[in-house]
Amino acid sequence: MGTGHYAKKKGIRRKIPKYKKKTWLCHRAKDTNQIQDEIEKAEETGKPITFKYDDDLPGGGQFYCIETGKHFADARALADHKKSRYYKRRCKELKEEKYTQGSAEWAAGMTREKLPPAHSK
């Protein structure tokens, strides 16, 4: 262990902005739009989302929750996860309509309205 200023106190890394941003990005979940795209592609092709065996992933990548985008070590952990509040909330979010550029422009008031002509002949 080093002898620098940040090495002297336990838990001091939480005050370093660069470290906080780095750890937040590592553990960030997938966005709902990304998951909705994956589900749509799976429905179009007719193939379920599956992974080949990979030692780097938990459980070899065989226990994957599509709705939250997380891998689990075994089937029991996946079953417990599907009973959790986080999973149920994410499922509710995925049932909502997909957020698009058109809806963002509408919310900002940038819609193009077709007005009748001012001087009709």
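Is C65 buried or exposed in this structure? C65 is buried, at a relative accessible area of 0%; buried denotes under 20% relative accessible area, exposed over 50%, and partly exposed in between, with a 1.4 Å probe and protein chains only.

Colleagues, a word on the source. This is a predicted model, in which local features need pLDDT of at least 70 and side-chain atom pairs count only at pLDDT 80 or more, while totals for chains, interfaces and linings use all residues. Residues are numbered from 1 along each chain as its sequence is written, and side-chain values use heavy atoms, with hydrogens and water left out.

I turn to the cysteines. A disulfide is a pair of cysteine sulfur atoms within 2.5 Å, and by this rule the count is zero. For C65, the closest cysteine sulfur belongs to C91, and at 6.8 Å the two are too far apart for a bond. C91 is likewise in no disulfide, and C91 is buried, at 17%.

Next, H81. This residue lies in helix α3, residues 75-81; helices are DSSP runs of H or I with at least four residues, strands are E runs of at least two, and both are numbered from the N terminus. H81 is buried, with a relative accessible area of 9%. Setting aside residues up to four places away in sequence, H81 touches C65, T68, F72, Y86 and Y87, where contact means heavy atoms within 4.5 Å.

Finally, G60 sits in the loop between α2 (32-45) and β1 (63-65) and is buried at 5% relative accessibility. Beyond its neighbours within four places in sequence, G60 contacts K52, Y53 and D54.
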